[in-house]
Amino acid sequence: MTGSALLSTWFPEAASTHAASVDEPFYWIYFAAVCFLALFMGLVLIQLRVYRRQDRDQLGAVTGRPNPVFVTLWVAAAMGLALFGFITGLPGFINQTTPPWGAFEIDVTASQWAWEFTYPNGHVADTLHVPVGRPIRLNLGSTDVSHSLAVPALRVNKAAVPGREVQAWFEVTTPGTYALQSNTFSGDGFADMRSELVAHAPVDFGAWMEEVSDIFKGRTLVEVGELLYTRHGCAACHSVDGTKLVGPSFKDLYGYEFDTIEGARVLADDAYIRQSILEPNISVIAGYQPIMASFTGIIDDREIEAITAWFKTLSSKGGAAPDAQEEN
Amino acid sequence: MSVGTRTTAAETQPSYLADKRGLGEWFSTCDHKKIGLMFLGWTVFALLVGSLSGVFPVAKSLGGRGLEPRFIFEATTYHRLLLLFLFLVPALPSVFGFFLLPMQLGARNMALPALSRFSLRFYVIGLVLILVSMFTGPIATGWTLAAPLSSTDPGSFILVAAGLFCATLSWFLTGINIFVTVHYKRAPGMGFFDMPIMAWSLYLTSYMLIAVGVLFGVVIAYLAASRAGDVGLFALNPGLWTDYFWFLVTPSVFFALLPGMGVVFEVVAGISRRAVVGYRMVVGAMITLLGLSFLTWGVYLAGQGQGQDPTTTLVFSAISLLTAVPVALLTYGLLATMNQGSIAGDGPDTFMVGFLLHGGIVCLMGVFLASPAPGAYLGTTMFVSTQLDYLVWGGAVFALLAGLHYWWPKMVGVEYSREVARIGGIFAIIGLNLALIPRLIMGTQGVAQDMIAFVDGPAGLSELSALGWLIATLGMGVVAGNLYASTWSGRKAEANPWGAGTLEWRTDSPPPEKNFETPPEIEGAYRY
């Protein structure tokens, strides 16, 4: 890095509409502050030289009074600098407080020490993908300690605090991949809490969205089933290790017979699982309450198939899952 | 009026250093000068240990191997804790508050001599507890001790909390002592407006030490309790800790520049042989700063992005900008005091210039941070942590050095080599800025605060910064070595080598234990 680049490059190359409202005030204040400091230090150093004591007992003017004109000018200059800094920085700040209508929304969850970005279609990723030229609104939250989301190239820096929802918004101007990090110390793994923001051209973003929307792409049926289990929050009521929660555990469920609360006997086969997802309270296993909400219209047939395939891998009576057979 | 003729101490009195020697005497002494000297030793020790723990992150940034992230975070945590809580805030008020204040007021000792001893003891206990925790189980919570982190950290957090409690108790006791001394120990005939600016700055700092010392002690005890027994405020609402922390720490940390300003006023007036120009204006500006500094904490809290609502942030930014007025009045007072003076160069002046340069940078950085849009972006970057670095080394260390080079003849009764002091000081200034300006650039480039060790910023800046630290360390080493060497090789100092006009120069160098045989006569704050 050369000396001149060192002096001129304070910021990473700007890639958002917001960047100019940070950089421009910064450079103006920088210019004014350097002049101010040079003036002050110049006056100090010059006076030190000009009024230097020539012989040991020399006594200059012992007392003096402040010059009202100079005092006023000096205070006005300092206050002017401060006010100027405040006013030039104001528009960008106000602009940042209100995300525009129709912004593309992404939920961001920070935790020790990872990022989770959730898209409107339910896709969850650990990198942030956004389209260029469209306002993006981030709803920031944290599951444990305070974090913050910073993307220097966009001049975005917002806190992610547990128990509060904080919003940030930006509009990327240049496609590319930008560093994304936390600026708030969060414990031992803090240095790993880095990710990327990938800004796509609108067309590419559409293609990316379509690709990730298809959860079957690049995944086996069993993997899709497990993904759906985490994505729909099933874990809140159903364990996979045999622990009895609000609902029955998915371990050793498929292929077993159970008593229902009506006293009937039911075999947990493909049809029963399908029924339990779409109309869950028709036939409830004894010992549990009929309180589950229906997933009709949320989970489709193909996904039920995936869930069933995953259940088979969790059960000793499930037999080998179709995917596993292929691999063997 | 010639230099060094007025001494009211009897010639036969032995100096406080020659009188009553021996370790037991130093341990049990109530003499303000000995307490002040011991505070100098201990605070400089805290500065050294704190600075040394800052070496590990720098080594890591240069590609040091075998340094685990956890270890780096521990080093960073102690680096900041020691520098801020055991050096920046207590150093100047303790060293000069004890050594100098009674002499400047024409008194024989502090108003509460026994309490002076306890100030020092609690400080040392606090420091030792924190150092012990480095060996029993260092913490890595970051220096803000953020509540959910500090309750789960595996280190000896309770020891650190106990150490900070003792340290802040020492702030409180020192504050009380200064406050009472100023009220009750001024020489007969000395009004408040006959006190030197240094005494004023110590008096105003005492308000800060009393208020923050006791409150911080209470909240740190609460924090420790919420960790130990799942009780107390911060177990219920961890976010509350952040509010308390910044509310208490921001004013005490930034007000730490004020005793430094007092030192510099005293140095400028003394070596220029002038009364401070616009004395009442300067005092008024200092009082205003005391008030405003309690109101600026919201800027840093907002900078940390704790979900504060935007209007509040703007109000705090606007309030913090008002500090420009008192700061302008203070700097004007300094410039006007030099004007038409008779300035003795070579000595404290290099360090005074360093303090003004770095203090100026700290204040001007405040303009960037209080400007809403840049402030929101920079609030958690290395830009902010570099402001703290400038405050600690550029502000407090240079003010301490300016004061030491001014009062050294009074403290130990010898003259140091002024040429060596100047050369060392210039190297320290160049080195420090070479170390910190690259960090400012890393900050605007987006590197997170205090994250020197894990930097992806522009190549070469870490190396440049490390080179700067090396030069600064060499410079500081020369300066410190020069002072130390003077204690055995220095020429004996006269009572008033600068021809200064405040009371401490009217007694011998070093002074006898009782400072003044008879209370000195008062004719205004500065008399030449």
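Between chain B and chain A of this predicted model, 24 residue pairs are in polar contact, both partners at pLDDT 80 or more; such a contact is a pair of N or O atoms within 3.5 Å, where within protein one must be able to donate a hydrogen and the other to accept it, and residues adjacent in sequence count only if both atoms are side-chain atoms. On the side of chain B that touches chain A, helix 18 (residues 349–370) gives the most, with eleven residues; helices are DSSP runs of H or I, at least four residues, numbered from the N terminus. That side of chain B divides into 52 nonpolar, 26 polar and seven charged residues, with Ala, Val, Leu, Ile, Met, Phe, Trp, Tyr, Cys and Pro taken as nonpolar, Asp, Glu, Lys and Arg as charged, and the others, Gly among them, as polar.

Two salt bridges are also counted between the chains, each a side-chain nitrogen of Lys or Arg within 4 Å of a carboxyl oxygen of Asp or Glu. One of them links R70(B) with D188(A), with 3.0 Å between the closest N and O atoms.

Turning to area, chain B and chain A bury about 6900 Å² between them, 68% of it on carbon and sulfur atoms; this is the accessible area (1.4 Å probe) lost on putting the two parts together, summed over both. In chain B, Y332(B), L335(B) and Y377(B) lose the most area to chain A, together 10% of what that side buries.

Residues are numbered from 1 along each chain as its sequence is written, and chains are lettered from A in the order in which they are written. Local features need pLDDT of at least 70, and side-chain values use heavy atoms, leaving out hydrogens and water.

Conventions
Helices (H or I, at least four residues) and strands (E, at least two) are DSSP runs, numbered from the N terminus.
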